[in-house]
Amino acid sequence: INQSGQHLLALINDILDYSQLSSGELELDCQVVRADQLCDFAVRRVQPTITQRNQRFTVENRAPDAAIWGNAERLTSVLRRLLDNATKFTAEGGELGLRLVSAASQLRLEVWDRGIGMKPESLPQLFQPFGQSDSGLARRYQGAGLSLAIAHRVVALHEGSIEVKSVEGQGSEFTVVLPLISAKESLSRRSAG
């Protein structure tokens, strides 16, 4: 009963979030956010599932001082959603990870897994509400098909993008691309806030 209640609550929260995002009613309270802290928060939330499923999880940080302008809670939620999916679609004992990379003026947050992957024809509808890659999988793996649609909209509100590469039977990689802010810009925004 408790597990069903938690699942129902998560579903209701997703529907409310998606409704706010779709109507443009969601206002972001933005601040300077360090990318490594954002990732730490998200990883802590999914670590119990990773441990329970005995999965091998790695974090590779190639952007130790990277900072972005955004809403930490919403961006943590995006990463948590991607990591939740990676754990869900990776077998017990399987591999997944998170990679932070900064290049030029962009931060790339890459969530990868060596799970079941997806068919190429499934990818176009992946970020649509209630879209799931395969109806057979939808029955086997819990979910309403809102998580990636919400992540996509939140990332767009942060002037970023989200991309996916996947090979059926080999795994998937989701990449969130966000604009970096410089150290000088970070200081000026902190003092203005």
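Biologist: Why does Asn54 count as exposed?

Modeller: The model is predicted, and every value here is computed from it. Asn54 has a relative accessibility of 57%, and exposed means over 50%, so Asn54 counts as exposed.

Biologist: What makes Ala104 count as exposed?

Modeller: The relative accessibility of Ala104 is 86%. The cut-off for exposed is over 50%, so Ala104 counts as exposed. Ala104 is in the loop between β4 and β5, and its phi is also positive, near 55°. The hairpin of β4 and β5 has 2 residues between the strands.

Biologist: How do you know that β4 and β5 pair, and in which sense, parallel or antiparallel?

Modeller: A pair needs at least two bridges. β4 and β5 have 8 bridges and pair in the antiparallel sense. Ala103 stands opposite Gln106 in β5, and Leu98 has Val111 in β5 as its bridge partner.

Biologist: How many bridges join β2 to β4, and how many join β5 to β7?

Modeller: β2 (residues 56-62) is joined to β4 by 7 bridges, and these strands run parallel. Arg56 stands opposite Glu95 in β4, and Phe57 stands opposite Leu96 in β4. β5 and β7 are joined by 8 bridges and run antiparallel. There, Glu110 has Thr175 in β7 as its bridge partner. With a threshold of at least two bridges, β2 and β4 therefore count as a pair, and so do β5 and β7.

Biologist: Why is the pairing in this sheet called mixed?

Modeller: The sheet is open and has 5 strands in the order β2-β4-β5-β7-β6, with mixed pairing. Strands of a sheet can pair either parallel or antiparallel. Here β2 runs parallel to β4, whereas β4 and β5 are antiparallel.

Biologist: What makes a strand of this sheet an edge strand, and which strands are they?

Modeller: An edge strand pairs on one side only, and β2 and β6 are the edge strands. On average, neighbouring strands of the sheet are turned by 10° against each other, direction ignored. Helix α2 packs on the sheet and touches β2, β4 and β5. The direction of α2 makes about 175° with that of β4.

Biologist: Why is β5 said to be largely enclosed by the rest of the structure?

Modeller: Buried means under 20% relative accessible area. Of the 8 residues of β5, 6 are buried, so β5 is largely enclosed.

Biologist: Which residues touch the most other members of the largest nonpolar core?

Modeller: That core has 39 residues, and those touching the most other members are Leu79, Leu82, Leu98, Leu109, Phe174 and Val176. The elements giving two or more residues to the core are α2 (35-52), α3, β4 (95-103), β5 (106-113), α5, β6 (161-167) and β7 (171-179). Leu82, leaving aside residues up to four places away in sequence, touches Val111, Leu148, Ile162, Phe174 and Val176. In soluble globular proteins, nonpolar side chains tend to be buried together.

Biologist: How do you know that α3 is in contact with α5, and which residues meet?

Modeller: Contact requires heavy atoms within 4.5 Å. From α3, Arg74, Val78, Arg81, Leu82 and Asn85 meet Ser147, Leu148, Ile150, Ala151, Val154 and Val155 in α5. The residues of this contact divide into 7 nonpolar, 2 polar and 2 charged. The axes of α3 (residues 72-88) and α5 (residues 147-157) come within 9 Å and cross at roughly 145°. The crossing is left-handed.

Biologist: At what angle do α2 and α3 pack, and what is the hand of their crossing, left or right?

Modeller: α2 and α3 pack at about 35°, with their axes 8 Å apart. The crossing is right-handed. Among the α2 residues in this contact are Leu38, Phe41 and Val46, and the α3 residues include Leu75, Leu79 and Leu83. The contact of α2 with α3 divides into 11 nonpolar, 3 polar and 3 charged residues.

Methods. Residues are numbered from 1 along each chain as its sequence is written. This is a predicted model: local features need pLDDT of at least 70, side-chain atom pairs count only at pLDDT 80 or more; totals for chains, interfaces and linings use all residues. Side-chain values use heavy atoms; hydrogens and water are left out. Axes are lines fitted to C-alpha atoms, for helices over the stretch in contact, and angles run from 0 to 180 degrees between N-to-C directions. Helices (H or I, at least four residues) and strands (E, at least two) are DSSP runs, numbered from the N terminus. A crossing is left-handed if the near helix is turned anticlockwise from the far one by less than a right angle, and right-handed if clockwise. Ala, Val, Leu, Ile, Met, Phe, Trp, Tyr, Cys and Pro count as nonpolar, Asp, Glu, Lys and Arg as charged, and the others, Gly among them, as polar. A nonpolar core is a set of buried Ala, Val, Leu, Ile, Met, Phe, Trp, Tyr and Cys residues joined through side-chain atoms within 4.5 Å. Buried means under 20% relative accessible area, exposed over 50%, partly exposed in between (1.4 Å probe, protein chains only).
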